[in-house]
Amino acid sequence: GKSAYCLPQTAPDCVNLAICENLFPPSPAVIARVTAEASRGELHKYPEQNQLLRGLTVKVANYTGTTPNNILFAHGSDNCLRLILETYCNETTCVWLPTPTYPHLLQMLNTRRLLELRKMTIKDALNTDSVVPQLLYICSPNLPTGYCISREQLMKLLNRLPNTLIILDEAYIEYGGEPAASLVNTFNNLIITRTFSKAFGLAAVRLGYIVASRGRFEELSILHNSKDVTNGALVAADEAFNQLDYYLQQATNARAIRDSLKTQFVFNKDGQDFVHGCLIGSGMFFLLFTKDSARLTQLFRKYGILIRDKHDELPGCVRLTIATAPIMQKVVKIVKSVNLMHRLNAKRLVFIDLDGTLRPGAGATPLCEGALNLLRYFEANQTKVVVVTNNTIRAKADLKHYLESQGVVSDICTPF
């Protein structure tokens with residue numbers, strides 16, 4: 001009865017916002033160095049515990065505020081999580097899992113023999129004292145909601161549950177939240193996983209790392225395969241750290257684009273829009289709330305954008321990855337267009353406010369008397385009227401005020 005965890009299929013003619021990939025351009029220096037590494041002709045060799053690995057370990061330790069003895073690399077953060085579960089989970093393990101969460105981790109837990117897998121809200125995980133689990137997984141910033149637990153909340157949890165191993169997944173930490181890696185030498189019950197796939201845009205090379213105390217490092221190393229990480233991945237990550245300012249600035253830009261959406265999305269307070277809300281947290285993604293997530297996914301596909309239907313985890317939700325400003329502007333326009341068409345299809349009469357149609361000229365020119373009389377007629381017969389205009393917000397407000405002064409109460413919509 002188990003099913004495989006698979007990423008959604010892509011389409012060559014679409015912008016893919018359905019997968020959490022970094023859609024900003026990589027550093028040219030990283031591409032150049034990876035290309036040079038591939039041209040050395042040493043693909044027949046196993047990766048070695050060489051100076052490159054040692055140097056990258058020092059860079060990552062400095063970046064996380066730890067020591068090289070706290071860093072363990074693996075073939076993607078998924079394998080970091082798998083290594084932790086293989087080391088610490090068995091038939092006697094009780095696991096707490098605040099949901100919604102990273103679906104592949106949930107899949108890993110569902111396929112393991114555990115004493116108990118208890119799903120709960122993050123609020124319950126932070127406050128419940130009834131049962132003490134052996135392991136607790138928290139993704140912060142959370143996938144898919146974007147919430148973060150604070151450093152203070154984490155420290156209280158670590159102190160309250162000293163015998164619980166807490167896995168903190170910081171895959172999206174460059175996009176928001178308080179980094180907690182420096183706490184691993186204070187709290188032996190904390191293990192942190194991170195990735196080069198998100199802010200560093202290296203999903204193709206598959207490289208992640210664990211940050212843990214020296215004791216945990218030694219326990220995890222027993223099952224860890226030293227050949228797990230390729231030389232190509234190490235080269236790409238090493239050069240990415242040489243270009244650290246580039247990638248951190250890119251993450252800053254992505255956060256600014258993400259946060260600007262909070263004011264760009266405008267929804268009617270009556271809740272009747274097809275897309276009627278959004279949740280923009282601290283990740284590289286955001287959620288839209290809709291009356292039909294499958295239908296909205298199809299509509300976006302027609303506009304050339306792939307989005308992720310999350311209805312099974314969060315009813316009525318779709319998830320979109322943050323991309324460049326032009327792509328996000330297109331997303332906002334699509335939402336406005338979808339909502340406009342939804343309102344127009346609600347059996348209400350529509351007048352298109354084009355100069356020469358409802359009014360003889362542009363600007364503040366009064367509407368044609370015949371048009372006003374027709375609008376008044378429909379108002380008197382309790383037929384809702386929508387006036388569509390492509391004017392500015394100021395002009396829209398002026399038009400609404402003018403119509404009300406003429407005894408016509410209408411919705412004023414703008415297509416974009």
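**Walking through the predicted model**

The buried residues of helix α4 are covered by, among others, α3 (77-88), β3 (94-98), β4 (116-120) and β5 (135-139). This is a predicted model. Helix α4 itself spans residues 103-110, and its buried residues are Pro103, His104, Leu105, Met108 and Leu109. An α-helix has 3.6 residues a turn, so residues three or four places apart point the same way. Leu105, Met108 and Leu109 are among the buried set.

Thr99 to Pro100 is cis, with omega near 0 degrees. Pro100 sits in the loop that links β3 and α4. Another cis bond joins Ser140 and Pro141, where omega is about 0 degrees. Pro141 belongs to the loop between β5 and α6 (151-160). Most peptide bonds are trans.

Under the rule used, the model holds one cavity of 30 Å³ or more. The space in the largest cavity is about 40 Å³. Its lining is made of Ser140, Ile149, Ser150, Arg151, Leu154, Leu168, Ile173, Gly177, Glu178 and Ala180. By class, five of the lining residues are nonpolar, three are polar and two are charged.

Now turn to Gly76, in the loop between β2 (71-74) and α3. Is Gly76 buried or exposed? It counts as buried, because its relative accessibility is 0%, and the cut-off for buried is under 20%. Which residues does Gly76 contact beyond its neighbours within four places in sequence? They are Arg206, Leu207 and Gly208. The C-alpha atom of Gly76 is 8.2 Å from that of Val205, although 129 residues separate the two along the chain.

Arg206, one of those contacts of Gly76, lies in the loop between β7 (190-195) and β8 (208-211). Its backbone stands out. Arg206 is not a glycine, yet it has a positive phi of about 55 degrees. Most residues other than glycine have a negative phi. Arg206 counts as partly exposed because its relative accessibility is 27%, which falls between the 20% and 50% cut-offs.

Four strands form an open, antiparallel sheet in the order β9-β10-β13-β12. Strands β9 and β12 (308-309) stand at the edges with a single partner strand each, so one side of each has no neighbour in the sheet. Strands of a sheet pair through backbone hydrogen bonds.

Strand β9 (residues 275-279) runs antiparallel to β10 (residues 285-290), and four bridges join them. Leu279 has Leu287 as its bridge partner in β10. The hairpin from β9 to β10 passes through five residues.

The largest nonpolar core has 62 residues, and Phe265 and Phe286 touch the most other members. What does Phe265 touch, not counting residues up to four places away in sequence? Its contacts are Cys278, Ile280, Phe286, Leu288, Val331, Val332 and Val335. Another core of 46 residues lies apart from this one, and its members include Leu126, Leu157, Leu234 and Val235.

Definitions and conventions:
Residues are numbered from 1 along each chain as its sequence is written. This is a predicted model: local features need pLDDT of at least 70, side-chain atom pairs count only at pLDDT 80 or more; totals for chains, interfaces and linings use all residues. Side-chain values use heavy atoms; hydrogens and water are left out. On a 1 Å grid over the protein atoms alone, a cavity is a set of points where a 1.4 Å probe fits but cannot get out, and a pocket is an open set with protein on both sides within 12 Å along at least five of seven lines; lining residues have an atom within 4 Å of a point. Grid points are joined across faces, edges and corners, and a volume is the space filled by probe spheres set on the points. Ala, Val, Leu, Ile, Met, Phe, Trp, Tyr, Cys and Pro count as nonpolar, Asp, Glu, Lys and Arg as charged, and the others, Gly among them, as polar. Buried means under 20% relative accessible area, exposed over 50%, partly exposed in between (1.4 Å probe, protein chains only). Helices (H or I, at least four residues) and strands (E, at least two) are DSSP runs, numbered from the N terminus. Contact means heavy atoms within 4.5 Å. Two strands pair if DSSP finds at least two bridges between them. A nonpolar core is a set of buried Ala, Val, Leu, Ile, Met, Phe, Trp, Tyr and Cys residues joined through side-chain atoms within 4.5 Å.
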